Amino acid sequence: MLKDPAAFEQHKLVMQRAKKLLSASQYERLAIVQELSKDRDELVNTLEAMAGMLELQLRRQAVDGRSGPPALI
């Protein structure tokens, strides 16, 4: 991916969108999801990125000994 600038840029955009979705208000999420619903591949990529971010946050909390919902990014 690092050797392909276009693929790296696309991955970067997906990760930024996922982070924005996790920290957005309900209205902002609705607007983003509505736009994503037009492109199934982008929607799936974004949801997978969000899942990865949440999993990482949960693992960090487990290591730190914290409980409760993950802190949003």
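Buried means under 20% relative accessible area, exposed means over 50%, and partly exposed lies in between (1.4 Å probe, protein chains only). The model is predicted: local features need pLDDT of at least 70, side-chain atom pairs count only at pLDDT 80 or more, and totals for chains, interfaces and linings use all residues. Residues are numbered from 1 along each chain as its sequence is written, and side-chain values use heavy atoms, with hydrogens and water left out.

**View 1. The whole chain.** The chain has three helices and zero strands, in the order α-α-α along the sequence. Helices (H or I, at least four residues) and strands (E, at least two) are DSSP runs, numbered from the N terminus. Of the 73 residues, 19% count as buried. The chain exposes about 5,600 Å², and carbon and sulfur atoms supply 58% of that area. Accessible areas come from the Shrake-Rupley method with a 1.4 Å probe; for residues, only the protein chains shown count as cover. Among contacts with a separation of 6 or more, 48% are between residues 24 or more positions apart; contact means heavy atoms within 4.5 Å.

View 2. Helix α1 covers residues 5-23, 19 residues in all, and reaches 27 Å from its first C-alpha to its last, close to the 27 Å expected at 1.5 Å a residue. The expected span is 1.5 Å times one less than the number of residues in the helix. Val 14, Ala 18, Leu 21 and Leu 22 are the buried residues in α1. They lie on the same side of α1 because they cover an arc of only 100° around the axis, where the arc is that of the directions from the helix axis to the C-beta atoms. Pro 5 and Ala 6, on the other side of α1, are exposed. The buried residues of α1 pack against α2 (26-36) and α3.

**View 3. The largest nonpolar core.** Nine residues make up this core: Val 14, Ala 18, Leu 21, Leu 22, Ile 32, Leu 36, Ala 49, Met 50 and Met 53. Each of α1, α2 and α3 supplies at least two residues of the core, and α1 gives the most, with four. A nonpolar core is a set of buried Ala, Val, Leu, Ile, Met, Phe, Trp, Tyr and Cys residues joined through side-chain atoms within 4.5 Å. Not counting residues up to four places away in sequence, Met 50 touches Ala 18, Leu 21 and Leu 22. Leu 22, in helix α1, has a relative accessible area of 7% and therefore counts as buried. Its C-alpha atom is separated by 8.9 Å from that of Leu 54, 32 residues away along the chain.

**View 4. Helix α3.** Helix α3 has 25 residues and reaches 36 Å from its first C-alpha to its last, close to the 36 Å expected at 1.5 Å a residue. Its buried residues are Glu 42, Thr 46, Ala 49, Met 50, Met 53, Gln 57 and Gln 61. The cover over these buried residues includes α1 and α2. Ala 51 also has its place in α3, but its relative accessible area is 44%, so Ala 51 is partly exposed. The C-alpha atoms of Ala 51 and Ala 18 are separated by 8.9 Å, with the two residues 33 apart along the chain. Just after α3, Gly 65 takes a positive phi of about 80°.

**View 5. The surroundings of Glu 42.** Glu 42 lies in helix α3, which runs over residues 40-64. Glu 42 counts as buried because its relative accessibility is 14%. The side chains of Glu 42 and Gln 10 make a polar contact at 2.6 Å. A polar contact is a pair of N or O atoms within 3.5 Å; within protein, one must be able to donate a hydrogen and the other to accept it, and residues adjacent in sequence count only if both atoms are side-chain atoms. Leaving aside neighbours within four places in sequence, Glu 42 is in contact with Gln 10, Val 14, Arg 17 and Leu 36.
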